[in-house]
Amino acid sequence: MKDSVPYQKFKIASDRVNREREMLVAMSMKIKVKQESSERILGECMRVVCEVFFVRPEEIQGRARIQRIAIARHAYCSLCSSLDPMATLTRIGETIGRDHSTVHNSIKKCNDLRETDLGYARLFQECVEKLHESTETH
């Protein structure tokens, strides 16, 4: 019985990540069809991440390594790379004053956190839902 608990937690996290991935792919396809500008997509990702994680854009773009800011930065990088077809890692990095390898590591960290940290996964899901609403209205 004890052995099944970690498996159940992993299965729940895996299912949640797969649902989020499906939503992001669907939004990405809508954005491609609408030919949204890259600048607008990056700006909308920044707005939503700041709103959900209670940080300011200057904090995400700044050098602070405080955890609450760093995890918001991870979410921003991951959302931008998933939603913007024109966004390269270098381009995303330029918006927050980082290089492409830092953005790549942020995306990996975001994916790890989504699978292991329920609180972070909940916040990331809220970002995805708000961006989904935003793409529906525009």
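Guide: One term before we start: a helix axis here is a line fitted to C-alpha atoms over the stretch in contact, and angles run from 0 to 180 degrees between N-to-C directions. Also, this is a predicted model.

Visitor: Okay. At what angle do the axes of α4 and α5 cross, and how close do they come?
Guide: They cross at roughly 140 degrees and come within 10 Å. Helix α5 covers residues 89-96.

Visitor: Left-handed or right-handed crossing for α4 and α5?
Guide: The crossing of α4 and α5 is right-handed.

Visitor: Which residues make that contact?
Guide: From α4, they are R73, Y76, C77, C80 and S81. From α5, they are I92, T95 and I96. By class, that contact has five nonpolar, two polar and one charged residues.

Visitor: Stay on α5. Which of its residues are buried?
Guide: I92, G93, T95 and I96. They span an arc of only 155 degrees around the axis, so they sit on the same side of α5.

Visitor: What covers them?
Guide: The cover includes α2, α3 (57-61), α4 and α6 (100-116).

Visitor: And what comes just after α5?
Guide: G97, with a positive phi of about 70 degrees.

Visitor: Let's switch to α2. How does α2 pack with α4?
Guide: Helix α2 (residues 38-53) packs with helix α4 (residues 67-83) at an angle of about 145 degrees. Their axes are 9 Å apart. The crossing of α2 and α4 is right-handed.

Visitor: Which residues meet there?
Guide: On the α2 side, I41, L42, C45, M46, V49 and F53. On the α4 side, I71, A72, A75, Y76, L79, C80 and L83.

Visitor: How many are nonpolar, polar and charged?
Guide: The contact of α2 with α4 has 13 nonpolar residues, no polar ones and no charged ones.

Visitor: New topic: E20. Which helix is E20 in?
Guide: E20 lies in helix α1, residues 4-34.

Visitor: Is E20 buried or exposed?
Guide: Buried. Its relative accessible area is 0%, and buried means under 20%.

Visitor: What does E20 touch?
Guide: Leaving out residues up to four places away in sequence, E20 touches R114, A121, F124 and Q125.

Note on methods: Residues numbered from 1 in each chain as written. Predicted model: local features only at pLDDT ≥ 70, side-chain atom pairs only at ≥ 80, totals over all residues. Heavy atoms only, no water. Helix = DSSP H or I, 4+ residues; strand = E, 2+ residues; numbered from the N terminus. Left-handed = near helix turned anticlockwise from the far one by under 90°. Contact = heavy atoms within 4.5 Å. Nonpolar A, V, L, I, M, F, W, Y, C, P; charged D, E, K, R; others polar. Buried < 20%, exposed > 50% of the residue type's maximum accessible area, 1.4 Å probe, protein only. Arc of directions from axis to C-beta.
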